[in-house]
Amino acid sequence: MTATSLGEFLNAARVQVDEALDRFLPRPPVCPAIVSEAMRYSVFAGGKRLRPILTLAAAEAIHRSGGHRASGAVETTSSLALPAACSIEMIHTYSLIHDDLPAMDNDTLRRGRPTLHVVYGDGIAILAGDGLHAEAFTLLAREPAATDEAIAARKLRVLRVIGDAAGPAGMVGGQAIDLQAAGQAPGHAITLDASGLQEMHARKTGALIRASAVSGAIMAGATTDLVNAVDRYATDVGLAFQIVDDILDVEGQAEQLGKTAGKDAAGAKPTYPALFGLDASRSMAADCVARARQTLVDAMVTDGWLDAIAEWVVVRKN
Ligand code: GRG
């Protein structure tokens, strides 16, 4: 991509991701119409596409930094990373669909629209989430359809990275801790302190955000050192994202958030503002962004949009 501003990069990446998601998601006769429609209702409901944007930006940054083993045009690197970007957005969307169900967060508004189970019923919403989850891994195995052994090896690494992030060690584990902390796991309630809160978020939202950037770096052929640097960068970006999400839940309006505001406090959920106060939370988010940016400088991955994206995660404009 040859964007000259962050806004241009974000728009171009979103167009690329939306076009690819439309191509990759199954339609009838491959699957029943209702499954296709329900999956598409949530996937194309207007999410920010933060995670696939991170995947594409990491791939491009590695390409531009010269810290990769592959040659070729930047567009080639971007197309290598696109299936992983879409796979992660499918997993993210499935997690939101399931999180909104009455058995979990019981929410009726998501991405500014009625939640999937409100429109299609709980059963179809569960199945649409399951369908997106399975399809994400089918896609990773299938695309990019290269016969090259080096690319096949990258695909296998990315499959494992994304599986780990989405599974019991990552997002599923974090969501389970969240249910326990919210008193929704009968007989298994827990109280989280600051480090428990951090662990919950590291698993629930941080793991998939890290996997997003790391997958892009791997698909671009980054060296181990650079994959690790991108991972450290994304760990801080993920934490900043979560802190800001908690702050917005206190300060935001439902129209601005695209979901019900004030849910955390109403559900007595542990949050950064609840534990540290709003001012300290804001400065913790700023510290995370500063650390993420410094990681890029230290690793000499400064050409591209990762630096600007770290700031965007906090400001959330565009
Ligand atoms: C159901 C296994 C399972 C997990 C659910 C991530 C998650 C785990 C639940 C979402 C709950 C939530 C609202 C967490 C706050 C952070 C977050 C993931 C916000 C939504 O992500 P955005 O802001 O959403 O990137 P868009 O709609 O822009 O994609």
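1. Which elements cover the buried residues of α1? In this predicted model, the covering elements include α2 (33-43), α3 (50-65), α4 (74-100), α6 (122-142) and α15 (306-315).

2. Helix α1 itself runs over residues 6-24, 19 residues in total. From its first C-alpha to its last it reaches 26 Å, close to the 27 Å expected at 1.5 Å a residue.

3. The buried residues of α1 are Leu6, Phe9, Leu10, Ala13, Arg14, Val17, Ala20, Leu21 and Phe24. They lie on the same side of α1, because the arc they cover around the axis is only 140 degrees. The list holds an arginine, Arg14, together with residues such as Leu10 and Phe24.

4. The ligand is surrounded by 20 residues. The closest are Lys48, Arg51, His92, Arg111 and Asp245.

5. In Lys48, an N or O atom of the side chain is 2.5 Å from an oxygen atom of the ligand. For Arg111, a polar side-chain atom is placed 2.7 Å from a ligand oxygen atom, and for His92 the corresponding distance to an oxygen atom of the ligand is 2.8 Å. Of the 700 Å² of accessible area that the ligand has on its own, the protein covers 92%.

6. The shell around the ligand receives two or more residues from each of α4, α8 (171-181), α9 (194-219) and α10 (224-251). Helix α4 contributes the most, with six residues. Helix α4 is also among the elements that cover the buried residues of α1.

Methods: Residues numbered from 1 in each chain as written. Predicted model: local features only at pLDDT ≥ 70, side-chain atom pairs only at ≥ 80, totals over all residues. Heavy atoms only, no water. Helix = DSSP H or I, 4+ residues; strand = E, 2+ residues; numbered from the N terminus. Expected span 1.5 Å × (residues − 1). Buried < 20%, exposed > 50% of the residue type's maximum accessible area, 1.4 Å probe, protein only. Arc of directions from axis to C-beta. Contact = heavy atoms within 4.5 Å. Near = heavy atom within 4 Å. Polar contact = N/O pair within 3.5 Å; in protein donor to acceptor, adjacent residues only side chain to side chain. Areas by Shrake-Rupley, 256 points an atom, 1.4 Å probe, with all protein chains shown as cover.
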